[in-house]
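Let's take a walk through this protein together.

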Amino acid sequence: MSPSSTPGWPARLSPLWPVLSAGAAGILGIVGLAIASGADARLASWMVLLAAGVTGLLTWHVAEQVNAHESASAATAAMRPAHEDAPPYASLINALPDPVLVIAAHEPDDLTGRRFVLVNAAARETFRIQYDAGLLVTAIRDPEVLEAVDEALFGGLDSEAVYEMRGAQERVLRAIAKPLGVAPDGARLALLVLRDETDIRRSERTRADFLANASHELRTPLASLSGFIETLRGHARTDEGARDKFLAIMQAQADRMARLIDDLLSLSRIELNEHIAPEGETDLAAAVMDVVDGVAPLLRERDVKLATDLPCRGQALVAGDRDQIIQVIQNLIDNAIKYTPKGATVQVGLRAALTHDAAAAPRDPHAARLSLLTPDHGPDLYASLRVTDSGVGLARETLPRLTERFYRVEGQKSGERHGTGLGLAIVKHIMNRHRGGLTVESVLGKGATFTAYFPMLRGAPSEPPTSAEAAVTKLS
């Protein structure tokens, strides 16, 4: 291929022309001097070769500098995101808080020909899009949304659809598609905007659930109170023994109603913000010790021991709401104490810097085990909290229902500390908000183990503590 036929040849070699010209003139001068001085042909040839070599070295040096400059320019261009070369209006779309996509298509029958040609930052984050252009079905697979896009592309109509994003944190988006006309290349264009309506839907569902649950669960204690009041106003009015007995029962029912309302309100608040990841940081080891200190009177009252195996402070830093994390620890330890017989031990263990598989790994390979909540995990490290009781254990068929509202295992409802049946439901929703996981495993006659694992704070220590760093305490 000749230099003139090579694309960009004159521009690439323009810095070399002075060197080449000087080299050629030097060669001709040397040859002229050799001939004028009467040197023989062999000496003249060697002088010509030497001059040509020097000229070649200079040319190679300049060419290397040119290539290095071009490589640096190409690397800079490659490092620049593709959307920086987008048209000026792309910056306006990129600043919008709602996910926005511009869709292009040529043929209605080509179902795989729908492509997004422009996406903003919100759409990249929502659908985890890594490129500026690509097939629409790689980002959105919902048939109703795709149908709305087709109506805007080929029907020229404004269209809407409801898009429910499944996963650990469910989201509800309203998809709005509008036609944009025809592009210069003949492709039809449409604008797809997705508006987050998760808060509105959750508010409606939370209000309905609260009313339904409250009306159902409060009916029994209210009926009991009404009956006892009627009895006390009647024939038991002068019976001191009956009056004291009934008043004690009425007090217990009133306390149960108060706990029910508190737990229902707490669960409603958690569900309302479940899709919003909490901010802040919490030292999980310190939080466990705070709860352990708080349950010391209950341990003495029920004659139960508690053994902890915790890392040093600062080794288990997790991202989350400290009050809600305390609530998770409190509910798990309270349940373990409730179902542990007198003289037995509740074990609380904490491990940090675990992979997802290690955090959710079973403790006993022979136990019945179930994952009550599995996060949409990535490369995060987790801090795993395990609480083990010494009770009668849980049957395999009861495990899937443990986090249902108001579910209580038959045969474990006795005791002085009646629960509301909402504790594990609260734990599950808190863990879901924190993008964590929850598992249970149990062997009949040997107790049950609940494991809650939280994503660790980014930048926290990546190595688990050694056994020498673990702190083991026993409280009775």
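## A hairpin and its surroundings

In the hairpin that strand 13 and strand 14 make, with three residues between the strands, G445 adopts a positive phi near 90 degrees. Helices (H or I, at least four residues) and strands (E, at least two) are DSSP runs, numbered from the N terminus. The model is predicted, so local features need pLDDT of at least 70 and side-chain atom pairs count only at pLDDT 80 or more, while totals for chains, interfaces and linings use all residues. Residues are numbered from 1 along each chain as its sequence is written, and side-chain values use heavy atoms, with hydrogens and water left out.

Strand 13 (residues 437-443) pairs with strand 14 in the antiparallel sense over seven bridges; two strands pair if DSSP finds at least two bridges between them. G447 in strand 14 is the bridge partner of V443. Strand 14 also pairs with strand 12 (residues 382-388), again antiparallel and over seven bridges, and here T388 stands opposite T449.

How many residues of strand 14 are buried? Nine of the nine (residues 447-455) are, so strand 14 is largely enclosed by the rest of the structure. Buried means under 20% relative accessible area, exposed over 50%, and partly exposed in between (1.4 Å probe, protein chains only). In a regular strand the side chains alternate between the two faces of the sheet. In strand 14 both faces are covered, with G447, T449, T451, Y453 and P455 buried on one side and A448, F450, A452 and F454 buried on the other.

Now look at Y453 again. The structure holds three aromatic pairs, and Y382 and Y453 form an edge-to-face one, at 5.4 Å centre to centre and 85 degrees between the planes. Rings of Phe, Tyr and Trp (its six-membered ring) pair if their centres lie within 6.5 Å; planes under 30 degrees apart count as stacked, over 60 as edge-to-face and the rest as tilted. This pair links distant parts of the chain, Y382 in strand 12 and Y453 in strand 14, 71 residues apart. Y382 counts as buried at 1% relative accessibility, and Y453 is buried with a relative accessible area of 1%.

F450 leads us to the core. In the largest nonpolar core, of 66 residues, L284, I329, I333, L402 and F450 touch the most other members. Such a core is a set of buried Ala, Val, Leu, Ile, Met, Phe, Trp, Tyr and Cys residues joined through side-chain atoms within 4.5 Å. Apart from this core lies another, of 25 residues, including I103, V149, M165 and A175. L284 belongs to helix 10 (residues 284-294), where L284, A285, A286, A287, V288, V291 and V292 are buried. At the start of helix 10, a side-chain oxygen of D283 comes to within 3.2 Å of the backbone nitrogen of A285.

One more stop is T198, in helix 7 (residues 198-217). T198 is buried, with a relative accessible area of 2%. Leaving aside neighbours within four places in sequence, T198 is in contact (heavy atoms within 4.5 Å) with E170, R171, V172 and H275.

Finally, step back to the whole protein. There are 14 helices and 15 strands, and buried residues make up 41% of the 476 residues.

Methods. A polar contact is a pair of N or O atoms within 3.5 Å; within protein, one must be able to donate a hydrogen and the other to accept it, and residues adjacent in sequence count only if both atoms are side-chain atoms.
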